[in-house]
Amino acid sequence: MSTDPRTSSSGSSVSPDSDARSLRARVRALLVAVLLAGLGIAVGSILVLAAGLALTLAGVPITPVLSIVISLALATGVGFGGVALLYLWYRDFDISYVGVRVPSLREVAYVVGGYFLALGLAFSAAVVISSVGAEGGTNNAAQIGMENPEVLLLLIPASFLLIGPGEELLYRGVVQNRIRERFPAVVAIPVASLIFASIHYFSLSGAPSARLISIAVLVLPTLVFGAVYELSDNIVVPALTHGAYNATLFSGLYLFVRFGGEMQQQAALLFG
């Protein structure tokens, strides 16, 4: 990676004290990454609950569309984005730490390739899971969308404007980068991906085993998001890849709602 704070600790010192410090630094990096991931969820959830309570006390009916708007704005936007920016401020880093620039032609190719790879991996996993009769958890936003198709039409542009940027800023730009400071990419990408997929446990419904199946599916496209970020060092690249991935799923689900059946159940496995 090109930015100084994100250099991996691979020094050649064999001093026992140095080894101990290196181990502590690696453990600290992992703990901070997990803490930041959890903090993003916690802050977002508190803000959404507070907004819902305030609207209820004010006598404002919370429709499915309003519920999704509140969640997107406060959880994904303020919660995830705010935690990421506060972390950068705390460490006295500017936004260059995550890399923000207009994608080059090469980076556009990463977006396109990553998009198709992420979709291919996720759909293949969903088909395999369905073929063996396993049942995954249902994403709550997808469930609301299936019951209220107009919500899906809102989620399509939101995938590019809020979901992709907000989630990638925190979970790739900050969480993956924090791990990357102390570990090579081959470790940082899957660990950050597992953290990101795991936090979706709380946005899924169903039995614990079903939720874990959905998380396993979600890890696959998330690995792609982490890889294109590592290749580009530009947070815009995974944000666009993630946004296009989610927008495609929401668009497909909108069409599936019109036909019903097993296709909806397979689609519900894929959301993250």
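Predicted model: local features only at pLDDT ≥ 70, side-chain atom pairs only at ≥ 80, totals over all residues.
**Exercise 1. Determine the volume of the largest pocket and the make-up of its lining.**

Solution. First, the volume: the largest pocket holds about 790 Å³ of space. Its lining consists of 29 residues, and those closest to the centre are Ser-71, Ala-75, Thr-76, Ala-141 and Ser-203.

Second, the elements that contribute. Helices H1 (16-57), H2 (64-90), H4 (140-147), H5 (149-180) and H8 (236-259) each provide at least two lining residues. The most come from H2, which gives 8 residues.

Third, the classes of residue. The lining contains 16 nonpolar, 12 polar and 1 charged residues.

**Exercise 2. Classify the aromatic pair of Phe-80 and Tyr-171, and explain which parts of the chain the pair ties together.**

Solution. Two quantities are required: a pair of aromatic rings is described by the distance of the centres and the angle of the planes. The structure holds 5 aromatic pairs. For the rings of Phe-80 and Tyr-171, the centres are 5.4 Å apart and the planes stand at 90°. Planes over 60 degrees apart count as edge-to-face, so the pair of Phe-80 and Tyr-171 is edge-to-face.

The next step is to locate the two residues. Because Phe-80 belongs to helix H2 and Tyr-171 to helix H5, the pair ties together parts that are 91 residues apart in sequence. Both Phe-80 and Tyr-171 are buried. Together with Phe-196, Phe-80 and Tyr-171 form one aromatic cluster.

**Exercise 3. Identify the ring over which Arg-26 lies and the ring over which Arg-211 lies.**

Solution. Arg-26 is placed over the face of Phe-183, at 4.9 Å from the ring centre. Arg-211 is placed over the face of Tyr-201, at 4.8 Å from the ring centre.

Ala-29 itself lies in helix H1. Since its relative accessibility is 0%, Ala-29 counts as buried.

**Exercise 4. Locate Ala-84 and decide whether it is buried or exposed.**

Solution. Ala-84 is found in helix H2. Its relative accessible area is 0%. The cut-off for a buried residue is under 20%, and Ala-84 is therefore buried. One further distance may be noted: the C-alpha atoms of Ala-84 and Gly-40 are separated by 8.0 Å, and these residues are 44 residues apart along the chain.

**Exercise 5. Describe the phi angle, the location and the accessibility of Asp-92 and of Asp-233.**

Solution. Consider Asp-92 first. Its phi is near 60°, which is a positive value in a residue other than glycine. Asp-92 belongs to the loop between H2 and helix H3 (105-131). Exposed residues have over 50% relative accessible area; Asp-92, at 70% relative accessibility, therefore counts as exposed.

Now consider Asp-233. Its phi is also positive, at about 55°, although Asp-233 is not a glycine. The residue lies in the loop between helix H7 (208-232) and H8. With a relative accessible area of 10%, Asp-233 is buried.

To conclude, Asp-92 is exposed, whereas Asp-233 is buried.

Technical notes. Residues numbered from 1 in each chain as written. Heavy atoms only, no water. 1 Å grid on protein atoms, 1.4 Å probe; cavity = no way out; pocket = protein on both sides within 12 Å on 5 of 7 lines; lining within 4 Å. Points joined across faces, edges and corners; volume = space filled by probe spheres on them. Helix = DSSP H or I, 4+ residues; strand = E, 2+ residues; numbered from the N terminus. Nonpolar A, V, L, I, M, F, W, Y, C, P; charged D, E, K, R; others polar. Phe/Tyr/Trp six-rings, centres within 6.5 Å; stacked < 30°, edge-to-face > 60°. Buried < 20%, exposed > 50% of the residue type's maximum accessible area, 1.4 Å probe, protein only. Lys NZ or Arg CZ within 6 Å of the ring centre and 35° of its normal.
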